[in-house]
Amino acid sequence: MYQQMIFVNLPVADVDASKKFFTELGYTINPQFTTDDCACVVISDTIVAMLLGRQRYADFTTKEIADATRTSEVLLCLSAESREKVDELVDKALAAGGKGSGEAMDHGYMYGRAFDDLDGHTWEVMWMDPAAVQG
């Protein structure tokens with residue numbers, strides 16, 4: 001059965017630094033789609049982050065490229081299998097040079113934290129109790 005994928009394209013200032021950051025979080029780089037000005041980060045079988053140098057990113061848009069350290073255009077949210085996995089991923093991001101973003105959110109059945117990557121893109125990591133999701 002066909003599974004739709006998402007390719008999140010993000011402008012980055014330094015492709016090599018961004019590759020290092022995301023591999024320190026435990027993700028892999030797909031060399032088949034990685035060049036000097038672009039890194040293909042495999043997040044899951046259906047989620048890929050394309051980290052494009054700002055000049056390469058400009059090849060795909062006529063719009064001004066947002067500076068994610070000053071403005072917000074998108075919030076990226078990844079699921080986690082447990083509260084501990086939320087903390088583990090965010091703590092890895094902070095240790096790799098990311099910055100905390102906001103306070104932890106804990107509603108009992110839902111727990112999340114967020115970090116900003118090296119270019120200021122905000123990544124939320126969220127766990128939801130499967131029993132609460134089922135109703």
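**Notebook: looking through a predicted model**

I began with Ser 18, which touches Val 12, Leu 51, Leu 118 and Asp 119 when residues up to four places away in sequence are not counted, a contact being heavy atoms within 4.5 Å. I found Ser 18 in helix 1, residues 15–24, where helices (H or I, at least four residues) and strands (E, at least two) are DSSP runs numbered from the N terminus. With a relative accessible area of 2%, Ser 18 is buried; buried means under 20% relative accessible area, exposed over 50%, and partly exposed in between, with a 1.4 Å probe and protein chains only.

I noted the ground rules before going on. This is a predicted model, in which local features need pLDDT of at least 70 and side-chain atom pairs count only at pLDDT 80 or more, while totals for chains, interfaces and linings use all residues. Residues are numbered from 1 along each chain as its sequence is written, and side-chain values use heavy atoms, with hydrogens and water left out.

**The whole chain**

I then listed the elements and found 4 helices and 9 strands in the protein, which run from the N terminus on as β-α-β-β-β-α-β-α-β-β-β-β-α. I looked up the radius of gyration, taken over C-alpha atoms, and found 15 Å, which agrees with the value near 14 Å that a compact globule of 135 residues would have; the globule rule is 2.2 Å times the number of residues to the power 0.38. Along the principal axes, the C-alpha atoms fill a box of roughly 45 × 40 × 30 Å.

I read that 38% of the 135 residues count as buried, and that the accessible surface comes to about 8,600 Å², of which 50% belongs to carbon and sulfur atoms. These areas come from the Shrake-Rupley method with a 1.4 Å probe, and for residues only the protein chains shown count as cover. Among contacts with a separation of 6 or more, 51% are accounted for by residues 24 or more positions apart.

For the charges, I found 11 positive and 22 negative ones, whose mean positions are 2 Å apart. Lys and Arg count as positive and Asp and Glu as negative, with His and the chain ends not counted, and the place of a charge is NZ of Lys, CZ of Arg, CG of Asp or CD of Glu.

**Cysteines and strand 2**

How many disulfides are there by the rule? I found 0, a disulfide being a pair of cysteine sulfur atoms within 2.5 Å. The cysteine sulfur closest to that of Cys 38 is in Cys 40, and at 7.0 Å it is too far for a bond. Cys 38 is buried, with a relative accessible area of 7%, and Cys 40 is buried as well, at 3%.

Cys 40 came up again when I turned to Thr 28, which touches Cys 40, Val 41 and Val 42, residues up to four places away in sequence not being counted. Thr 28 has its place in strand 2, residues 28–29, and counts as partly exposed at 46% relative accessibility. Although Thr 28 and Val 41 are 13 residues apart in sequence, I read a C-alpha to C-alpha distance of 5.8 Å.

I next looked at Met 105, which is found in strand 7 and is partly exposed, with a relative accessible area of 22%. Leaving out residues up to four places away in sequence, Met 105 touches Met 110, Tyr 111, Gly 112 and Met 126. From Asp 36, which is 69 residues away along the chain, Met 105 is separated by 38 Å between C-alpha atoms.

His 107 lies in the loop between strand 7 (105–106) and strand 8 (110–116), and at 47% relative accessibility it counts as partly exposed. I noted a distance of 9.4 Å, C-alpha to C-alpha, between His 107 and Met 128, which are 21 residues apart in sequence.

Is Glu 81 buried or exposed? At 67% relative accessibility, Glu 81 counts as exposed, and I found Glu 81 in the loop between strand 5 (75–79) and helix 3 (83–95). Glu 81 and Asp 91 are 10 residues apart in sequence, and their C-alpha atoms are 16 Å apart in space.
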